[in-house]
Amino acid sequence: MSQTANQPHQNGSSRPAPDAVLTPGALFHTGLVVENLESAMKTLSELAGYHWTTVMELQVTARTPDGTQPAVAQRFVLSVEEPRLELVEAIPGTVWVSDGTNGAHHVGYWADDERIEETSAALVDLGLDVEASNDFEADGKLMWVYHRGLGGIRVELLNTLMKPSMDAWIAGTDPTEVQRDAPIG
């Protein structure tokens, strides 16, 4: 007996639909917005044994439906272990805020450079509107985009052009070098 795409397998899992926009294997991280980066890192290390990259500090500019926001200083880390967590320090007045009750801020998926715009459009077609994006710092290439949906959790698409820089950072490369070699900046 064959199973359709969304029917459970014998072990209780379900197979993604063949025409799914995202796949489980493309999941890179789950992002949490925290009030104090160092405190959250310490707590999650003690609670769950996580180890962290060095803190990345950079200026981030986001385009929203209301226009381009001024550049803001952003601080974040990634867990070295998988499933990977990203901790982003809260920045009032931006998309990087939490009211303390919403749990995960976003789930981040890799999207191929050649298909990121198409994938983003497919998410919009599924009802996940664009909340913010970065498509102007790398010669017009879409480098990341937040889609709002799933009960408040965002879906972030990250351009695979950023993967070598992210992998180097996770492996211990100094954030300054990572920023210098990144496709945006």
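# Why is it called that?

Modeller: Let's start with two side chains: both tryptophan 96 and tyrosine 146 are buried. Keep in mind that this is a predicted model, where local features need pLDDT of at least 70, side-chain atom pairs count only at pLDDT 80 or more, and totals for chains, interfaces and linings use all residues. Residues are numbered from 1 along each chain as its sequence is written, and side-chain values use heavy atoms, with hydrogens and water left out.

Biologist: Fine, but what makes tryptophan 96 buried?

Modeller: The cut-off: buried means under 20% relative accessible area, exposed over 50%, and partly exposed in between (1.4 Å probe, protein chains only). Tryptophan 96 has a relative accessible area of 2%, so it counts as buried. Tryptophan 144, at 9%, passes too. Across the protein, 40% of the 185 residues count as buried.

Biologist: Why are tryptophan 96 and tryptophan 144 called an aromatic pair, and of which kind?

Modeller: Rings of Phe, Tyr and Trp (its six-membered ring) pair if their centres lie within 6.5 Å; planes under 30 degrees apart are stacked, over 60 edge-to-face, and the rest tilted. That rule gives six aromatic pairs here. For tryptophan 96 and tryptophan 144, the centres are 6.0 Å apart and the planes at 65 degrees, which makes the pair edge-to-face. One partner sits in the loop between β6 (85-89) and β7 and the other in strand β9, so the pair ties together parts 48 residues apart in sequence.

Biologist: And how do you know what kind of pair tryptophan 96 and tyrosine 146 make?

Modeller: Their ring centres are 6.1 Å apart and their planes at 65 degrees, so this pair is edge-to-face. Tyrosine 146 is in strand β9, so here the linked parts are 50 residues apart. Trp96, Trp144 and Tyr146 form one aromatic cluster.

Biologist: You keep saying strand. What makes a stretch a strand or a helix?

Modeller: DSSP runs: helices are H or I with at least four residues, strands are E with at least two, and they are numbered from the N terminus. The protein has four helices and 10 strands, running β-α-β-β-β-β-β-β-α-β-β-β-α-α from the N terminus.

Biologist: How do you know which strands pair with β10?

Modeller: Two strands pair if DSSP finds at least two bridges between them. Strand β7 (residues 106-111) has six bridges to β10 and runs parallel to it, with alanine 111 opposite asparagine 159. Strand β9 (residues 144-148) has five bridges to β10 and runs antiparallel; there, histidine 147 stands opposite valine 155.

Biologist: Why is β10 described as largely enclosed?

Modeller: Six of the six residues of β10 (154-159) are buried, so the rest of the structure largely encloses it. Arg154, Glu156 and Leu158 cover one side, and Val155, Leu157 and Asn159 the other; all are buried.

Biologist: What makes a group of residues a nonpolar core?

Modeller: The members are buried Ala, Val, Leu, Ile, Met, Phe, Trp, Tyr and Cys residues joined through side-chain atoms within 4.5 Å. In the largest one, with 22 residues, Phe28, Trp96, Trp144 and Trp169 touch the most other members. β2 (56-60), β5 (72-78), β9 and α3 (163-170) each supply at least two residues of this core. A second, separate core of 11 residues includes Tyr109, Ile116, Val145 and Leu157.

Biologist: How do you know that isoleucine 116 counts as buried, and what does it touch?

Modeller: Isoleucine 116, in helix α2 (residues 116-125), is at 1% relative accessibility, so it is buried. Taking contact as heavy atoms within 4.5 Å, isoleucine 116 touches Ala111, Leu142, Met143, Leu157, Leu158 and Asn159, not counting residues up to four places away in sequence.
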